[in-house]
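Subject: Structure for you to look over

Dear colleague,

I am passing on the structure we spoke about, together with some notes on what I found in it. Please read the notes beside the model itself.

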Amino acid sequence: NEEIIALNQDPLGVQGYKRSSEDGKEVWAGPLSNNEFAVVLFNRGDTPAEIVAYFDEIGIDKKLTPMFVRDLWKHEDLGVAHSGFVKATVDSHDVAAFRLKPVFPPRGLRGSEHAPSSAPTSRDFQPINAVIQDLSSAMMATQQEEDKNENIRPFVTLAYAQSLDGKIAMIKEKLDDDEDFKQTS
């Protein structure tokens, strides 16, 4: 598995360690280069178990959240963890392995922890563009559902509005905290 090998050979060279252990459920984690993190959930028990790794307990600074989550065994992007944790149901005597990457990397930490700060590039706005694309798709889907069934309108509209509010608040908070962005806007 090339992704697991890449995790093991990360240039930062810091070994992960056991962060918690309870009833045969272990959480192992460690920092990687570029403010990424490795998280391994290990089930030593005899039955499948849900294991949760809370970001604050594994050393992820709140400023780095939300995080993209990648399942290294399944070779799948699982989306964005907004809630401050990653979890999985792990079979007996099995592991789940994840690579976590900040959605909004801190300025000056792309490629190397010692890179100089730079003006925002189009790459900086990819997460925002993805949210905008998601919102546009959601708006179209909402309109299609409303057109099909007049009775569903209040429920779909409410769900869409709640989703939109959360995403806009997340973007605004990240941009408000970004001094380099403020200077260029």
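The mean pLDDT of the protein chain is 74, and 57% of the residues score at least 70. Confidence is highest in strand β4 (residues 49-54), with a mean of 95, and lowest in helix α4 (residues 179-184), where the mean is 51. There are also stretches in which pLDDT stays under 50: residues 109-126, for which the model has 28 contacts beyond four places in sequence, and residues 152-158, with 7 such contacts. Where pLDDT is low, the predicted coordinates should not be read in detail.

Of the contacts with a separation of 6 or more, 61% are between residues 24 or more positions apart.

The largest nonpolar core has 20 residues, and those with the most contacts inside it are Val39, Leu41, Phe55, Ile58, Ile60, Phe98 and Leu100. Two or more residues come to this core from each of β2 (25-31), β3 (37-43), β4, β5, β7 and β8 (94-102). Another core, of 5 residues, lies apart from it and includes Leu32, Ala38, Leu72 and Ala97. Beyond its neighbours within four places in sequence, phenylalanine 98 is in contact with a list of residues that includes Phe37, Val39, Leu41, Val69, Leu78, Val86 and Ala88.

Val86 and Ala88 also belong, with Val90, to the covered face of strand β7 (residues 85-90), whereas Phe85, Lys87 and Thr89 form the uncovered one. Strand β7 pairs with β4 in the antiparallel sense over 6 bridges, and within that strand lysine 87 is the bridge partner of valine 52.

Several loop residues deserve a separate look. Tryptophan 73 sits in the loop between β5 (67-71) and β6 (76-81), and because its relative accessible area is 44%, it is classed as partly exposed. Leaving aside neighbours within four places in sequence, tryptophan 73 is in contact with Asn1, Ile4, Val95, Ala96 and Ala97; from valine 95 it is 22 residues away in sequence and 9.1 Å away in space, C-alpha to C-alpha.

Histidine 75 lies in the loop between β5 and β6, and its phi is near 55°, a positive value in a residue other than glycine; at 41% relative accessibility, histidine 75 counts as partly exposed. Asparagine 34, in the loop between β2 and β3, likewise has a positive phi, near 60°, and with a relative accessibility of 24% asparagine 34 is partly exposed.

Finally, the peptide bond from threonine 65 to proline 66 is cis, with omega near 5°, and proline 66 is found in the loop between β4 and β5.

With best wishes

Definitions and conventions: Residues numbered from 1 in each chain as written. Predicted model: local features only at pLDDT ≥ 70, side-chain atom pairs only at ≥ 80, totals over all residues. Heavy atoms only, no water. pLDDT = per-residue confidence, 0-100. Helix = DSSP H or I, 4+ residues; strand = E, 2+ residues; numbered from the N terminus. Contact = heavy atoms within 4.5 Å. Buried < 20%, exposed > 50% of the residue type's maximum accessible area, 1.4 Å probe, protein only. Pairing = 2+ DSSP bridges. Core = buried A, V, L, I, M, F, W, Y, C linked by side-chain atoms within 4.5 Å.
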